[in-house]
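User: Could you walk me through how to read the features of a protein model, step by step? I would like the general idea each time, and then the case at hand.

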Amino acid sequence: MSEERFGEFVLVRRHGHVAELVLDRPKAMNAVSTDMARSIAGACAALAADPEARVVVLSSSHERAFCVGADLKERNSFTDADLLRQRPVARGAYTGVLELPMPTVAAVHGFALGGGFELALSCDVIVADRTAVVGLPEVSVGVIPGGGGTQLLPRRVGAARAAELIFTARRLEAAEARDLGLVDLLVEEGRDREEALELGARMAANSPVGLRAAKRALRLGQGLDLRAGLEVEDAAWRSTAFSADRAEGVAAFNEKRAPRWPGE
């Protein structure tokens, strides 16, 4: 297993074709400072361009928190001009995760609040253990979810449910979060990272060309009517149909062996 650090607060570990992006600012419960946001964006840019990374797992090095959101201590010292300058840097972290071209899995335990929960929402699948506490409390400190929360949460749970959760700023414990669809898989305490890595490995066994095309179809098709969505799907299918991965997949199936994906 190899490791690469991006700035002081982000670590990327390699588990074969699964890349683990670790939030590693434990002294601040992974509160996202300007420097950390820049590092998240940098790590995501590197992973997006890496053909060996078939799946990304987003995890935390802190025992009691995934991420508590924006660094409000840093924000407290900001002038209005500072806050305006920071905004594109902060957005870069969230869009960096959201726009990763391969499947992404969040491994959540403890607090995942505000921007921390938005980082998880930016992933395709959220695995949470029973200690997880999630929520978007931004209106309680005078702002709104600004890392994608107002757009990503209603796509998961519907407009009215998202409105109730955002307007009340309430926190949800793991079982309710799973029941309402805010997280996808609920696992035993302390198992979120292992289960997310295992899920990532199962995904990564499949065609990297197919995985990226399927994600593209899923993402681009959201919000479209069925006819338009099917055109998006057809375009994604065409991008796989004449690939080396498709040829290898068909050959491996007929030869009753595991495929050796070219990744192109």
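Analyst: Happy to. Let us begin with strand pairing: two strands pair if DSSP finds at least two bridges between them. Helices (H or I, at least four residues) and strands (E, at least two) are DSSP runs, numbered from the N terminus. Here strand E2 (residues 10–15) and strand E3 (residues 18–23) run antiparallel and are joined by six bridges. Val-12 has Leu-21 in E3 opposite it. Before we go on, please note that this is a predicted model: local features need pLDDT of at least 70, side-chain atom pairs count only at pLDDT 80 or more, and totals for chains, interfaces and linings use all residues. Residues are numbered from 1 along each chain as its sequence is written, and side-chain values use heavy atoms, with hydrogens and water left out.

User: In what order do the seven strands of the open sheet come?

Analyst: Strands of a sheet pair through backbone hydrogen bonds, either parallel or antiparallel. In this open sheet the order is E1-E2-E3-E4-E6-E8-E11, and the pairing is mixed. Strand E1 (3–6) and strand E11 (185–187) are the edge strands, each pairing on one side only. On average, neighbouring strands of this sheet are turned by 20° against each other, direction ignored. For such angles, axes are lines fitted to C-alpha atoms, for helices over the stretch in contact, and angles run from 0 to 180 degrees between N-to-C directions.

User: How many residues of strand E6 are buried?

Analyst: Buried means under 20% relative accessible area, exposed over 50%, and partly exposed in between (1.4 Å probe, protein chains only). Strand E6 (residues 104–108) has five of its five residues buried. Both of its faces are covered, with Thr-104, Ala-106 and Val-108 on one side and Val-105 and Ala-107 on the other. E4 and E6 run parallel and are joined by three bridges, and Val-57 has Val-105 in E6 as its bridge partner. E6 also pairs in the parallel sense with strand E8 (residues 125–129), over four bridges. There, Val-105 has Val-125 in E8 as its bridge partner.

User: What is the order of the open sheet of four strands?

Analyst: That sheet has the order E5-E7-E9-E10, again with mixed pairing. Its edge strands, each pairing on one side only, are strand E5 (65–67) and strand E10 (171–173). From one strand to the next, the twist averages 20°. Two bridges pair E5 with strand E7 (residues 111–113) in the parallel sense, and Cys-67 stands opposite Ala-112 in E7.

User: Now the helices, please. At what angle do the axes of H1 and H3 cross?

Analyst: Two packed helices are described by the angle between their axes and the distance between the axes. Helix H1 (residues 34–48) and helix H3 (residues 80–98) have axes that come within 8 Å and cross at roughly 40°. Angles under 35 degrees count as roughly parallel, over 145 as roughly antiparallel, 65 to 115 as roughly perpendicular and the rest as oblique, so H1 and H3 are oblique to each other. Contact means heavy atoms within 4.5 Å. Among the residues making the contact are Ala-37, Ile-40 and Cys-44 of H1, and Val-89, Gly-92 and Ala-93 of H3. H1 also lies across E1, E2, E3 and strand E4 (55–60), running at about 25° to E2.

User: And how do H9 and H10 run relative to each other, parallel or antiparallel?

Analyst: The axes of helix H9 (residues 208–221) and helix H10 (residues 226–241) come within 9 Å and cross at roughly 170°. That makes H9 roughly antiparallel to H10. Their contact includes Val-209, Ala-213 and Leu-220 in H9, and Val-232 and Ala-236 in H10.

User: Which residues have a positive phi without being glycine?

Analyst: Most residues other than glycine have a negative phi, and most peptide bonds are trans. Ala-169 has a phi near 60°, and Lys-256 has one of about 55°. Ala-169 sits in the loop between helix H6 (159–168) and E10, and is buried, with a relative accessible area of 15%. Lys-256 is in the segment after H11 and counts as exposed at 76% relative accessibility.

User: Is Arg-260 buried or exposed?

Analyst: Arg-260 is exposed, with a relative accessible area of 60%. Arg-260 lies in the segment after helix H11 (244–254). In sequence Arg-260 and Glu-248 are twelve residues apart, and in space 7.0 Å, C-alpha to C-alpha.
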